[in-house]
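Keep the model in view as you read.

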Amino acid sequence: DELPTSRSARFESRNTLYRQFNMGPLSLTPWAGFIGIFYSNTQKHHAAGQAVGSYGFRLNSNLYRHFPTFTHKVEPYLELRGLTSPTSPSSHHYIFSIDDGLAKQNIVKPGLKQSFYPHGSTLFPEITADIYSNGFLGSTKLHQALPRLYSTCDFRYPSFLITTDIVYNLQ
């Protein structure tokens with residue numbers, strides 16, 4: 001038996017409108033967008049399209065402390081990212097990557113990002129540590145609101161970057 005062909009051109013457009021509002025020490029950035037994907041061929045041998053709305057906001061604050069040899073920046077933040085239900089189910093088009101498996105979602109992301117900027121020295125890197133979690137609103141499959149704790153740490157030198165990611169399962 002021969003496998004059916006999965007030849008299809010895929011065109012995607014992601015568009016987002018956002019506006020930042022500064023409220024004293026807080027910054028609020030709401031956004032709304034559109035994701036459109038066109039497939040030139042499907043399992044049923046015709047073209048198909050898919051559309052999804054995206055929305056969300058980011059609320060954050062930047063706190064600085066200056067020391068003689070470096071500056072320390074602390075950024076607490078709260079982010080909400082959401083997608084509307086797609087206009088076409090995943091079974092109606094080919095899945096080329098995870099970007100084709102769009103589904104309705106509402107994700108809340110609380111976090112704390114810290115950065116250390118050295119003054120005038122290229123010997124010491126800029127260091128950024130981001131600790132956050134992802135909560136899936138409306139999901140009944142998870143037993144905990146924030147199931148995992150994530151940490152990303154970057155060491156940025158003038159000519160290269162070292163990144164480490166750690167995930168801790170809270171369940």
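Two strands count as paired if DSSP finds at least two bridges between them. The model is a predicted one. In it, β3 covers residues 26-39 and β4 covers residues 48-61. The two pair in the antiparallel sense, over 14 bridges.

Now move on from β4. Strand β6, residues 70-83, also runs antiparallel to β4. Here 7 bridges join the two. Ser-54 finds its bridge partner in β6, at Leu-83.

Step back to the whole chain. How many helices and strands does the protein chain have? The count is 0 helices and 11 strands. The radius of gyration is 21 Å, whereas the globule rule gives 16 Å for 171 residues, so the protein chain is more spread out than a compact globule. The C-alpha trace spans about 70 × 35 × 35 Å along its principal axes.

Next come burial and contacts. Of the 171 residues, 28% count as buried, meaning under 20% relative accessible area. Take the contacts between residues at least 6 apart in sequence: 52% of them join residues at least 24 apart.

The protein chain exposes about 11500 Å². Carbon and sulfur atoms supply 60% of that area. As for charge, the chain carries 15 positive and 11 negative charges. The mean positions of the two sets lie 8 Å apart.

How values were computed. Residues are numbered from 1 along each chain as its sequence is written. This is a predicted model: local features need pLDDT of at least 70, side-chain atom pairs count only at pLDDT 80 or more; totals for chains, interfaces and linings use all residues. Side-chain values use heavy atoms; hydrogens and water are left out. Helices (H or I, at least four residues) and strands (E, at least two) are DSSP runs, numbered from the N terminus. The radius of gyration is taken over C-alpha atoms; the globule rule is 2.2 Å times the number of residues to the power 0.38. Buried means under 20% relative accessible area, exposed over 50%, partly exposed in between (1.4 Å probe, protein chains only). Contact means heavy atoms within 4.5 Å. Accessible areas come from the Shrake-Rupley method with a 1.4 Å probe; for residues, only the protein chains shown count as cover. Lys and Arg count as positive and Asp and Glu as negative; His and the chain ends are not counted. The place of a charge is taken as NZ of Lys, CZ of Arg, CG of Asp or CD of Glu.
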